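Have the model open while you read.

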Amino acid sequence: MPAHDTRLPLSRRGFLLASTGAAAALALAPAPAHAGARRPFGRYGSPAARLTPQTLYVDPKGRGDHTTVKDAVTAATGSGWTLVLAPGTYRETVAVDVTRTEATWIGASEDPRDVVIVYDNAAGTPKPGGGTYGTTGSATTTVQADGFTARWITFANDWLRADHPDITGTQAVAIKVQGDRSAFHHCRFLGHQDTLYADSIALTSFARQYFSHCYAEGDVDFVFGRATAVYENCHFRTLNRTDLAGAPYGFVFAPSTAGANPRGYLVTRSRVSSEAPDAFYKLARPWVPSSDTTARPSLVVRDTWLGPGIDAAAPYTNMSDTFPWQNQRFAEYRDTGPGARITVPENRPQLTAEQAESATRAAYLGDWKPWQGEC
């Protein structure tokens, strides 16, 4: 995503601890007793009592098969591997390439606050050997393989602009997801700019992704990309900024849906809250990247509570005046809350009841039903 015009001198390094909003969004209870030293892998076995031959155990304290997620991914060649992650902070970058399909990652304590995968690269961070990482390269975790599932894990990028005033490429991705049939249940995505990159492997690939009971926070375009993605029962929280005198502070969604793709982002039965003053955030702006100027960003927000942090009078804005938001595919349906008040009707496009019948998780995801079974 293009860097925002202003630099953000932020100081929230404590965001790896669960915020009040995150705990409420996920209905989190204290971590189960089995998250402790005696049983770091909870009900998911151990190297001595392996659930399946294709289950690997990761523990930074050395009680598993590997101490890092990256080493476990390297060992899990081929399809169908499960990684069980013991509580801990895994400071590393991790990539799941296209050959490692049908992988499952499980946070063993079943509390996403306990298992954190985090690093601190930004788009403008210098790379060893020259150049910078760019937005994609800044990702702490990258998932390219199809059939990926994660449960009870925090994916984070704790790079802060205030610490690096010399860097202008301030995008810092927590996770980039490109595979088809990628599902995240009870996960957290923490960052500031470009936190959750829900994308696809190629312009012609319409990757389907599903986020259930997840929490995402950020400030600028912090949920973005061209995937066909359903966000159900999720909580999106906009962060405060003390460096700007006025609105807007940022934008929650920035889809870049391919023009040929009939479905982009669907947000349903979710909520958007804010640490910032009332009306200081926009709900969305369309991203038409230079690599695909035929994109027609698509976003439907339905049956969702929009808090006072969203500018109800003008919830959408342009990223580029060449591609005005009114020419894209933005719509709402039966939203509630102070940020959903329709005061300027032409700024709040609404689905009809008939159109809403096609704006469902089943219509978006087709024959893939990730909400069935253990979620």
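R208 sits in strand β14, which spans residues 208-212; strands here are DSSP runs of E with at least two residues, helices are H or I runs of at least four, and both are numbered from the N terminus. This is a predicted model, where local features need pLDDT of at least 70, side-chain atom pairs count only at pLDDT 80 or more, and totals for chains, interfaces and linings use all residues. Residues are numbered from 1 along each chain as its sequence is written, and side-chain values use heavy atoms, leaving out hydrogens and water.

**Around R208**
- R208 is buried, at 17% relative accessible area (buried is under 20%, exposed over 50%, partly exposed in between, using a 1.4 Å probe and protein chains only).
- Leaving aside residues up to four places away in sequence, R208 touches G179, D180, R181, S182, T228, Y364, L365, D367 and W368 (a contact means heavy atoms within 4.5 Å).
- Y364 is 156 residues from R208 along the chain, yet their C-alpha atoms are 7.9 Å apart.
- The R208 side chain also gets to the backbone oxygen of L365, at 3.0 Å.

**Cysteines**
- Searching the whole structure turns up zero disulfides (that would take a pair of cysteine sulfur atoms within 2.5 Å).
- C187 has its closest cysteine sulfur in C214, but at 5.0 Å that's too far for a bond.
- C234 isn't in a disulfide either, with the nearest cysteine sulfur, that of C214, 4.8 Å away.
- C187 is buried at 0% relative accessible area, and C234 counts as buried at 4%.

Terms used: Polar contact = N/O pair within 3.5 Å; in protein donor to acceptor, adjacent residues only side chain to side chain.
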